[in-house]
Amino acid sequence: MSDRYDRQERIEGWDQTKLETAYVAVVGAGPVAQAATLCMAGLGVGELRIFDNARVSSNYLPSNFQMRGAKPGESMAKVLEQRLQKFNPIMKIKGLHWKFDQHYFADAVFGRKPDVVLDCTNDPYQELILYAYGQANGIPVVNTSANENKYELAVLMPDRNFKVPEDFYLDDTSLEKVLAKIPYDYIQAKFRGEDQKGLASLMVGGLATDQVRKFIMPLDEADRPLRGIFRYNELSKDRIQLQLGSKAPIGDVSSALSKIVWPDELNIVIVGAGSIGNSAGLALAVSGGSTINAHIFDKDEVEEVNLNRQVLFKMSDIGRNKVDALAQTMNEINGNINVFPHPEFFTADTKLPKPDAILVCTDSFRSRKLVNDYAKLHGIPLISGGTNFSSFDVVNYVPGTTRCLCEIDVDVNAEKEAEAARHSCIHVVEPSVIIPNWLAGVQMVMQIPHALSPADHDPVSGRITGSIYSPNLMNVQRKPICDCADKMQKQKKRSTRKKRKPASSSTASA
Ligand SMILES: [Zn+2]
């Protein structure tokens, strides 16, 4: 019996059999599909069919991370099939070199009726065809679109009263006409022809996968699919806009912030190479940085129970140091990333060149407290991710601009954790699953350019959260900046003065 799904099977209401007998049709093999199918392979969806007629480009970009090492000209759907099959050999996966250009072929190529159709294209023709197919066959359609800074997610419940329009034959001139007849406004041509890029694609792929899961295996009555459209814009102060209901006016999140600029050279420390560390590592590899130096700290080795959510590891990595396995895959995805693996704990005495930011990807409050103190003392931006089986939160500390990790009561929680460890010798295994970890890691990396130029990019003081139970999916919660760093600096000066005695007044400003 495989241990692969052990951590998620510990979640109350989880039924792995429902996932294992499900069939999801995925349309598109680009960056969004590559993210979503990897998340579904983590969950262990029984059967996937992937449809796309695109071919591997001779100009490989890390956003197409699953195409790494593939020969130019190969079918992307087939390469994706092979890649996923290596990651999860238990699944039945088929990549088909196929583009939906008219609706009447859908029945034949889908084979048996899918439980859910997941549309990962930016192509309004295909979206319309899938919409009509889903409506006519009683199958929910999860629709995604993405470009560099924006993504959208919509869930289309089948409507028993829907009839495919008689003149539903698509060509360029009829597109607008057909769009006007559709009772939902989710199908829009605004992403048409735009390239899907790394981080936005990873986020929407993860969010869409959880919508798929909700149809196949809801945990309980409250675990329901999104009713409407979720929009995210990295260039907006609000970031998120939600449109509930089927016929609300077409909206958009305003782009008020300056263009996201990644520095030419980026020096990052990642603390933790587990679930969040894996997706942060992937996100960093597909991000917009041109040269990235990443120091990764983790003492653990890869185990089979990690594979349901630590998606940069393969079966053959079991027993290796996590940092080495993670470094290897990050390098395969992006040749311009220099990963320095450290199979050890990050401590207050760790000596490194001062990084541009530290990402804390551990589930331990004690290590988060340690890094929070380190960041406050040295004035380094810090981005922290935390998860449980159903939710995540991302907090970033930007010296002088945002609240620190006191936002998540890091000192109190670290003490509670230490206390619990003193009184118990039994290590409790917490349930864990890919989606919250995936979303936390990617959202953390999205925060990097915001944290590095806070004046232009408004890093959120407070937290960005998400929950499978939230009707909004994600929320931005703003809180006032704290004075923890000032207090710490003053305390440090006081203790240095005491040591040096007699103190002179001039040392106080040193
Ligand atoms: Zn604070």
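Q: In strand 12, which residue is the bridge partner of Ile-268?
A: This is a predicted model, in which local features need pLDDT of at least 70 and side-chain atom pairs count only at pLDDT 80 or more, while totals for chains, interfaces and linings use all residues. Residues are numbered from 1 along each chain as its sequence is written. Strand 9 (residues 265-271) and strand 12 (residues 357-360) run parallel and are joined by four bridges; strands here are DSSP runs of E with at least two residues, helices are runs of H or I with at least four, and both are numbered from the N terminus. The partner of Ile-268 in strand 12 is Ala-357.

Q: Are helix 9 and helix 10 roughly parallel or roughly antiparallel to each other?
A: The axes of helix 9 (residues 275-286) and helix 10 (residues 322-333) come within 9 Å and cross at roughly 25°. Angles under 35 degrees count as roughly parallel, over 145 as roughly antiparallel, 65 to 115 as roughly perpendicular and the rest as oblique. Helix 9 and helix 10 are therefore roughly parallel.

Q: How many nonpolar residues are in the contact of helix 9 with helix 13?
A: The axes of helix 9 and helix 13 (residues 434-446) come within 7 Å and cross at roughly 45°. Among the residues that meet are Ala-280 and Leu-284 in helix 9 and Trp-438 and Val-442 in helix 13. Ala, Val, Leu, Ile, Met, Phe, Trp, Tyr, Cys and Pro count as nonpolar, Asp, Glu, Lys and Arg as charged, and the others, Gly among them, as polar. The contact has five polar residues and no charged ones, and the nonpolar count is nine.

Q: Over which residues is the pLDDT below 50?
A: pLDDT is the predictor's confidence in each residue, from 0 to 100. The protein's mean is 89, and 88% of its residues reach 70 or more. The stretch below 50 is residues 503-510.

Definitions and conventions: Contact = placed C-beta atoms within 7 Å. Axes fitted to C-alpha atoms, helices over the stretch in contact; angles between N-to-C directions. Pairing = 2+ DSSP bridges.
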